[in-house]
Amino acid sequence: MVESDTKITKAAGLSPGRARFLALAGVALAGLLALIISGQPWWRAQGSDAGVVFTGSDATAGLSQALGAVALAGFLLALTLRGRGRQVLAVLLGLVGVAVIVVGGFRFQPDTRAVRAKLQQVSLSQEFALTGTPWPIGYVIAGVLLLGAAILIMITAPSWPTRADRFRRGRSGAATADAEPIDLWKAMDAGADPTDEGADPDRSRTDN
């Protein structure tokens with residue numbers, strides 16, 4: 001399964017490391033955009049002599065902001081999980097991405113009573129005109145970005161490099177599973193760096 005995921009990654013013109021960077025960067029950027037845009041004015045209520053604005057968080061009762069926070073939490077969680085766990089997380093992030101697209105696409109309006117109550121703080125007018133702003137479009141874009149990053153994680157996560165790979169270096173610098181833990185400890189005792197691609201974990205055997 002890992003080999004097939006690696007082939008898919010290479011077919012897309014991405015190395016596993018680059019795919020990992022793009023996927024995680026996409027999740028982080030989408031979450032940050034969703035948080036920022038949820039705090040921008042999505043609606044403007046204009047009375048006869050004054051007007052008020054409603055942010056995305058106001059209009060959605062905090063849902064738009066919560067979805068952005070979940071996306072950022074998913075980014076942090078993806079840093080700690082491994083292949084299968086990341087794929088499960090990718091499904092959840094994909095659902096969050098769909099929710100972000102729906103919230104931005106439907107342009108949920110603030111409650112009429114809430115609009116009147118806020119407008120009365122700055123105006124004596126009971127009538128108002130409610131107009132939308134372009135910010136929900138940006139929120140939809142954040143959702144599309146999050147969904148795309150989630151799909152990329154789903155496809156490529158099993159082939160992502162891990163930190164343990166740094167300690168599995170042979171004489172040619174290629175990954176190998178033949179290096180034993182005792183050899184790595186001996187190499188470090190001898191002053192060699194096991195993370196160095198040119199490091200030879202078998203050297204400690206000849207030195208001792």
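# Close-up views of a predicted model

A search of the whole structure finds one salt bridge (a side-chain nitrogen of Lys or Arg within 4 Å of a carboxyl oxygen of Asp or Glu). The structure is a predicted model, in which local features need pLDDT of at least 70 and side-chain atom pairs count only at pLDDT 80 or more, while totals for chains, interfaces and linings use all residues. Residues are numbered from 1 along each chain as its sequence is written, and side-chain values use heavy atoms, with hydrogens and water left out.

**View 1. The salt bridge between Arg113 and Asp111.** The closest N and O atoms of Arg113 and Asp111 are 3.5 Å apart. Side chains of opposite charge can pair when their charged atoms come close. Arg113 is exposed, at a relative accessible area of 68%, whereas Asp111 is partly exposed, at 41%. Here buried means under 20% relative accessible area, exposed over 50%, and partly exposed in between (1.4 Å probe, protein chains only).

**View 2. The open sheet of three strands.** The strand order is E2-E1-E3, with antiparallel pairing. The edge strands, E2 (51-55) and E3 (129-132), each pair on one side only. From one strand to the next, the twist averages 20°; axes are lines fitted to C-alpha atoms, for helices over the stretch in contact, and angles run from 0 to 180 degrees between N-to-C directions. Strands (E, at least two residues) and helices (H or I, at least four) are DSSP runs, numbered from the N terminus. Two strands pair if DSSP finds at least two bridges between them.

**View 3. The pairings of strand E1 (residues 41-46).** Strands of a sheet pair through backbone hydrogen bonds, either parallel or antiparallel. Five bridges join E1 to E2, and Gln46 has Gly51 in E2 as its bridge partner. A hairpin connects E1 to E2 through four residues. Towards E3, E1 is joined by four bridges, again in an antiparallel arrangement. Ala45 stands opposite Leu130 in E3.

**View 4. The nonpolar patch on the surface.** The patch is formed by Val88, Val91, Leu92, Leu95, Ile151, Met154 and Ile155, which together have about 600 Å² of accessible area. Patches are made of residues with over 30% relative accessible area and no salt bridge, like charges being joined within 9 Å and nonpolar side chains (Val, Leu, Ile, Met, Phe, Trp, Tyr) within 5 Å. Accessible areas come from the Shrake-Rupley method with a 1.4 Å probe; for residues, only the protein chains shown count as cover. Helices H5 (83-106) and H7 (135-156) each supply at least two residues of the patch, and the largest share, four residues, comes from H5. Val88 is placed in H5 and is exposed, at a relative accessible area of 54%.

**View 5. Polar contacts of Thr156.** Thr156 belongs to helix H7 and is buried, with 3% relative accessibility. Its side chain makes a polar contact of 2.9 Å with the side chain of Trp160. Such a contact is a pair of N or O atoms within 3.5 Å; within protein, one must be able to donate a hydrogen and the other to accept it, and residues adjacent in sequence count only if both atoms are side-chain atoms. The backbone oxygen of Thr156 is reached by the side chain of Ser159 at 2.8 Å. Ser159 is found in the loop between H7 and helix H8 (181-189) and is buried, at 10% relative accessibility.
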